[in-house]
Amino acid sequence: MELIGYLKEQLVLDPDLEQNLDQAFRRNHYAKGQKITEPGTLSNKVYFIEQGLVRTYYVKNGKEITHHFFAENMFTMPIESIFYNRRSPYGIEVLENSVIRSVRFPTLEKHIDGSPKLEKFIRMLLIDVLKTFSDRLSALQFQSAQERYQTMLDQNPNILLRAPLGHIASYLGITQQTLSVIRAQR
């Protein structure tokens, strides 16, 4: 779904704000495998996935580990860079040919400051992100590999068709071999 259509489903946009947001967010086309940002970089951009799939990842001991997947109608941004002016430990990689809108956070912030409805939407979006990562931390701490796998499928049923198994295994915190065993048991 396009950004403005998504926002209209979430809140009532006045025509001026709709036009300003549509102009502020640039539309980019990315090829599968393209890296939008690398771990260790500074970026103040907010991304909205109109079409496709991306992952955030970090590098540990020379190996890329998937942090999270973002599909259509999802926002992602390097929180460390935007809010703390630190290099983000996460990179963003495109896993499917994708259409992604982006805007520099200071530009978006001007629109947020001028619209109580948009400010409330952003606040709810950030609360949802916080809940998502809290649930993920809890899963990693308290769920078995099989339970994490099932939770992932419940939340994103098409992920096995869209993301490489190696990325899925690292997201779950297991080896690709363990993922194969879990999949064979189903």
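Modeller: Let us begin with a cut-off: a residue is called exposed when its relative accessible area is over 50%, buried when the value is under 20%, and partly exposed in between. The model before us is predicted. In it, N85 has a relative accessible area of 63%, so N85 is exposed.

Biologist: Where does N85 lie?

Modeller: N85 belongs to the loop between α3 and β7, the strand of residues 91-94. The backbone of N85 also deserves attention. Most residues other than glycine have a negative phi. N85, although not a glycine, has a positive phi of about 50 degrees.

Biologist: What is the phi of N73, and is N73 buried or partly exposed?

Modeller: N73 is not a glycine either, yet its phi is positive, at about 65 degrees. Its relative accessibility is 27%, so N73 counts as partly exposed. The loop that holds N73 runs between β5 (63-70) and β6 (74-76).

Biologist: Is N61 buried or exposed?

Modeller: N61 has a relative accessible area of 78%, and therefore it is exposed. Its place is in the loop between β4 (54-60) and β5.

Biologist: What share of the residues is buried?

Modeller: Buried residues account for 41% of the 186 in the chain. The accessible surface is about 10700 Å², and carbon and sulfur atoms contribute 50% of that area. Contacts can also be sorted by separation along the sequence. Among contacts with a separation of 6 or more, 69% join residues 24 or more positions apart.

Biologist: Which residues touch the most other members of the largest nonpolar core?

Modeller: That core has 22 residues, and L7, L21, F75 and F121 touch the most other members. Two or more residues come from each of α1 (3-10), α2 (15-24), β3 (45-51), α4 (105-113) and α5 (116-142). Apart from this core lies another, of 17 residues, including L153, A163, I168 and L179.

Biologist: What does F121 touch, leaving aside residues up to four places away in sequence?

Modeller: With those neighbours set aside, F121 touches Y6, L7, Q10, L11 and F75.

Biologist: How many aromatic pairs does the whole structure contain?

Modeller: The search finds eight. To read a pair, one takes the distance between ring centres and the angle between planes; an angle over 60 degrees is edge-to-face. For Y6 and F121 the centres are 6.3 Å apart and the planes stand at 65 degrees, so this pair is edge-to-face. Helix α1 supplies Y6 and helix α5 supplies F121, so to speak across a separation of 115 residues, and the pair thus links distant parts of the chain. Both Y6 and F121 are buried.

Biologist: How are the rings of F83 and F105 arranged?

Modeller: Their centres are 5.3 Å apart and their planes at 70 degrees, so the pair is edge-to-face. F83 in helix α3 (residues 79-84) and F105 in helix α4 are 22 residues apart, and this pair too links distant parts of the chain. F83 has a relative accessible area of 40% and is partly exposed, whereas F105, at 12%, counts as buried.

Biologist: Which residues form one aromatic cluster?

Modeller: Y6, F48, F75 and F121 do. A ring may also have a charged side chain over its face: R136 lies over the face of Y171, at 3.8 Å from the ring centre.

Biologist: Finally, is I159 buried or exposed?

Modeller: At 0% relative accessibility, I159 counts as buried. It lies in helix α7 (residues 159-162). Not counting residues up to four places away in sequence, I159 touches L53, F69, M152, L153 and I168. L108 lies 51 residues from I159 along the chain, and their C-alpha atoms are separated by 30 Å.

Conventions
Residues are numbered from 1 along each chain as its sequence is written. This is a predicted model: local features need pLDDT of at least 70, side-chain atom pairs count only at pLDDT 80 or more; totals for chains, interfaces and linings use all residues. Side-chain values use heavy atoms; hydrogens and water are left out. A nonpolar core is a set of buried Ala, Val, Leu, Ile, Met, Phe, Trp, Tyr and Cys residues joined through side-chain atoms within 4.5 Å. Buried means under 20% relative accessible area, exposed over 50%, partly exposed in between (1.4 Å probe, protein chains only). Helices (H or I, at least four residues) and strands (E, at least two) are DSSP runs, numbered from the N terminus. Contact means heavy atoms within 4.5 Å. Rings of Phe, Tyr and Trp (its six-membered ring) pair if their centres lie within 6.5 Å; planes under 30 degrees apart count as stacked, over 60 as edge-to-face and the rest as tilted. A charge sits over a ring if NZ of Lys or CZ of Arg is within 6 Å of the ring centre and within 35 degrees of the ring normal. Accessible areas come from the Shrake-Rupley method with a 1.4 Å probe; for residues, only the protein chains shown count as cover.
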